[in-house]
Amino acid sequence: MTKTRKIVLSEKEMPRQWYNLAADIKVPPFMSPDGAVPPEAWAPVFPMNIVEQEYSTQRWIDIPEGILELLNRWRPSPLHRAYDLEQAIGTPARIYYKNESLSPAGSHKPNTAVAQAWYNKQFGIKRMTTETGAGQWGSALAYACSLVGLECKVYMVRISFDQKPFRKLMMQTWGANCVASPSNETQAGRAVLAKTPDTPGSLGIAISEAIEAAVTDPKGESRYSLGSVLNHVMMHQTIIGLEAKKQLEIAGEKKVNVIIGCAGGGSNFAGLAFPFVYDKMHGADIDIIPVEPTSCPTLTKGPYVYDHGDTAKMTPLVAMFSLGHSFIPAPIHAGGLRYHGMAPLVSKAAKEGLISPMALHQIECYEAGILFSKTEGIIPAPETTHAIAAVIREAKKAKEEGKEKVILFNFSGHGLMDLTGYDKFLTGQLQNYELPDSVIADNLKEIEGYPKP
Ligand SMILES: *Cc1c(COP(=O)(O)O)cnc(C)c1O
């Protein structure tokens, strides 16, 4: 008998609702100098149908038929059993992964991109603006906008714009307009360039530019879109974990012991983990681990504070773990994991001890990426290698303890557009980098006077 390596659901079996963790965990409100930010205040930034979701505390939200119609271009995604990786480690653990690399853009990001594009279209918006780090989000939104017929403008962090020309070309192929950030097109961009003309840029700066571009559209037909962090984004991604639950059941697994995802803004981790966080809140014994780089250790070293989501302080204050809004991360190759903050819902779950964050060095992660490529075949995105390295640690631990654990992780994306990082690793040019505590302390001085969540 051949082994069952992939558990696939039919399109009919795709979940019809998203799970909203905000029904079960209370996050502190967005704050401005005038107090808590009401939904209406977001009107120039996001369409109101999305704002409504951002504030919703309803546990289950129906996925509109029009969005199911977009998602089934590539969903449901298969659940793989990583037999070859298990064998290479010699672990008694059973390792499963959700393969989100099969979407047209190559990551989990289109799950929310198509939902956001659809809601914007419904609301009568003509053009979406956004930022992108490694280029994954920009390409996901470019694809989504092309599906529903919207213009798309992307501000891409300078260092990635230079390191990853193929992501830019993907965006252009899908019809988007992509510029390097900081750019000369916005006040926020010009201000940074005046001070530091050769800056590598950061997600925080690019966010400021994209928001400015949306809210200053004289026709009022542009809105901004964020690929991670916010509650509605986490919710759109829960389709991953909801599918995984059905698939594990089909695989005959009654219990999951460990859930792992890499965490930048928190969305792919949340998408897989939140339905299981619900189980944990109701008594299930599960270790749920978000994994971040030691060079951007938001959850493991940052404090839980109110901070801005962007460098130019255009966003309201958000209650989250943060390294400070002016944090400029080291130019590691896992571009998608270099955000200074973390999703409020992921942050609160960490604060309440429901999840257990871990930080890993990039060399261990690339080693894990190479082992995964040689065993399972798919070359992981540099971000995804952080999850894999943690999985390998857990699988080795299960081996030492002689326990038959079930480990589930999110394979958030493939690395075929990120081979420069593998080149650096294979030619011995990569170093480990741990963010010094003194840098964190310096960054946090700026937010000392802010309210506390
Ligand atoms: C963007 C990205 C991430 C990090 O973003 P999250 O919001 O934390 O998921 C991780 N993996 C891949 C492949 C990405 O593209």
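Because the model is predicted, local features need pLDDT of at least 70 and side-chain atom pairs count only at pLDDT 80 or more, whereas totals for chains, interfaces and linings use all residues. Residues are numbered from 1 along each chain as its sequence is written.

The protein chain has 18 helices and 17 strands, where helices (H or I, at least four residues) and strands (E, at least two) are DSSP runs numbered from the N terminus. Its C-alpha trace spans about 65 × 50 × 45 Å along the principal axes. Of the 453 residues, 56% are buried, a residue being buried if 20 or more other C-beta atoms lie within 10 Å of its own, exposed if 12 or fewer, and partly exposed in between, with C-beta atoms placed from the backbone. Among the contacts with a separation of 6 or more, 78% come from residues 24 or more positions apart, where two residues are in contact if their C-beta atoms, placed from the backbone, lie within 7 Å.

Strand S7 (residues 94-99) runs parallel to S17 and is joined to it by six bridges, with Ile95 standing opposite Ile407. Strand S12 (residues 258-262) is also parallel to S17, through three bridges, and here Ile260 stands opposite Phe409. Further along, three bridges join strand S13 (residues 287-293) to S16 in the parallel sense, and Pro293 stands opposite Leu360.

Another open sheet has four strands in the order S10-S9-S8-S11, and the pairing is parallel. Strand S10 (177-181) and strand S11 (222-224) are its edge strands, each pairing on one side only, and the twist averages 25 degrees from one strand to the next. S9 is largely enclosed by the rest of the structure, because six of its seven residues are buried. Six bridges join S8 to S9, and Arg127 has Glu151 as its bridge partner in S9. Strand S8 (residues 127-132) also pairs with S11 over three bridges, where Met128 stands opposite Arg223. Helix H9 (residues 203-215) lies across S8, strand S9 (151-157), S10 and S11, and runs at about 170 degrees to S8.

The ligand has 20 residues around it, of which Gln136, Ser228, Gly264, Gly336 and Gly413 come nearest; a residue is near a molecule if its C-beta atom, placed from the backbone, lies within 6 Å of it. Helix H5 (136-148), helix H12 (267-281) and helix H16 (382-401) each supply at least two residues of this shell, and H12 gives the most, with three. By class the shell has six nonpolar, twelve polar and two charged residues, where Ala, Val, Leu, Ile, Met, Phe, Trp, Tyr, Cys and Pro count as nonpolar, Asp, Glu, Lys and Arg as charged, and the others, Gly among them, as polar.

Some backbone details remain. Most residues other than glycine have a negative phi, and most peptide bonds are trans. The peptide bond from Arg75 to Pro76 is cis, with omega near -10 degrees, and Pro76 lies in the loop between helix H2 (65-71) and S6. Ser181 and Pro182 are likewise joined by a cis peptide bond, with omega about 5 degrees, and Pro182 is in the loop between S10 and helix H8 (187-195). Val229, in the loop between S11 and helix H10 (231-237), has a positive phi near 70 degrees and counts as buried, with 26 C-beta neighbours inside 10 Å. Lys313 has a positive phi of about 60 degrees and counts as partly exposed, with 17 C-beta neighbours inside 10 Å.

Conventions. Pairing = 2+ DSSP bridges. Axes fitted to C-alpha atoms, helices over the stretch in contact; angles between N-to-C directions.
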